[in-house]
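User: Please take me through this model, one question at a time.

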Amino acid sequence: MGLPSIREQLKGVPLFRELTSEELDPIVEISQSRLYKQKMFIFMQDDPLDRVFFIQSGKVKIYKSDMHGKEQIVSVLEAGEMFPHAGFFRKGGYPAHAEVIEESNIIFTPIDRFEEILIKNPELCIKIFKVLGEKIIDLQKRLEEQILLNTQEQIIMLLLRLCRSNGEKIDNRFKLTTQFTNRELANMIGTTRESVSRTISVLKKKHIVDVSPDGYYLLDHMKLHDEIF
């Protein structure tokens, strides 16, 4: 069975869901899609920034690396999400690496031509800026957490964020939809694997964190929240 058409794939992206066929036409004309296998790179940090991407299916890890090769995970993106968010109305290189962690069908669109469409479509432009605004607020919150919270509190706040961004609600708990290692969790907030392991162990003893039979974290959102507030 082949992949859906570009139009069908774009309609699956929340950003485009409410557009009419006429509004979607110019985006369909300039977009292409590709199936990426696990561990393939969509782009590398500092590659020329010339395209914006939309995930039709699968998962993509966005991370930065320093001169020593140390990795810091920015986010794990899932179906319906757009990246990079820093790609509009600017020149330069991609700010991070984008690596496929689960076979993904990715739609890609030339940024310069997409910007022309945005200028002609104020409603779509407003939607884009709302998404960017939400990302800016998220980054501000992360910075505040690093300044104001101790390491254990930062780890708990990370788990609360993952409930929203990479979790599905099952009864009174959230099941993370990605199998994060303690090293990966540590890389998201710039701490050590040992610190994450200690905190997770404490939370497991309190029955706030558990692991599902298939290896995914189960999180009690309310109890996590009560640990901080």
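The questions below cover an annotated domain, a helix pair and a pocket in this predicted model.

User: Which residues does the UniProt annotation "domain: HTH crp-type" cover, and how far apart are the end C-alpha atoms of that span?
Analyst: The annotation comes from an unreviewed UniProt entry and covers residues 149-222. That span is 53% helix and 19% strand. Its end C-alpha atoms lie apart by 19 Å.

User: Is helix H5 roughly parallel or roughly perpendicular to helix H7?
Analyst: H5 spans residues 151-166 and H7 spans residues 193-205. Their axes are 10 Å apart and meet at an angle of about 70°. Angles of 65 to 115 degrees count as roughly perpendicular. Therefore H5 relative to H7 is roughly perpendicular.

User: Which element gives the largest share of the lining of the largest pocket?
Analyst: The pocket has a volume of about 1400 Å³. Among the elements giving two or more residues to its lining are strand S3 (51-65), strand S4 (71-77) and helix H8 (221-228). The largest share is 15 residues, and it comes from H4.

User: Of the 48 residues that line the largest pocket, which are the closest to its centre?
Analyst: By class, the lining has 28 nonpolar, seven polar and 13 charged residues. The closest to the centre are His85, Glu134, Lys135, Asp138 and Arg142.

Notes:
Residues are numbered from 1 along each chain as its sequence is written. This is a predicted model: local features need pLDDT of at least 70, side-chain atom pairs count only at pLDDT 80 or more; totals for chains, interfaces and linings use all residues. Side-chain values use heavy atoms; hydrogens and water are left out. UniProt positions are given in the numbering used here, feature names are shortened, and annotations may be inferred rather than shown by experiment. Helices (H or I, at least four residues) and strands (E, at least two) are DSSP runs, numbered from the N terminus. Axes are lines fitted to C-alpha atoms, for helices over the stretch in contact, and angles run from 0 to 180 degrees between N-to-C directions. Angles under 35 degrees count as roughly parallel, over 145 as roughly antiparallel, 65 to 115 as roughly perpendicular and the rest as oblique. On a 1 Å grid over the protein atoms alone, a cavity is a set of points where a 1.4 Å probe fits but cannot get out, and a pocket is an open set with protein on both sides within 12 Å along at least five of seven lines; lining residues have an atom within 4 Å of a point. Grid points are joined across faces, edges and corners, and a volume is the space filled by probe spheres set on the points. Ala, Val, Leu, Ile, Met, Phe, Trp, Tyr, Cys and Pro count as nonpolar, Asp, Glu, Lys and Arg as charged, and the others, Gly among them, as polar.
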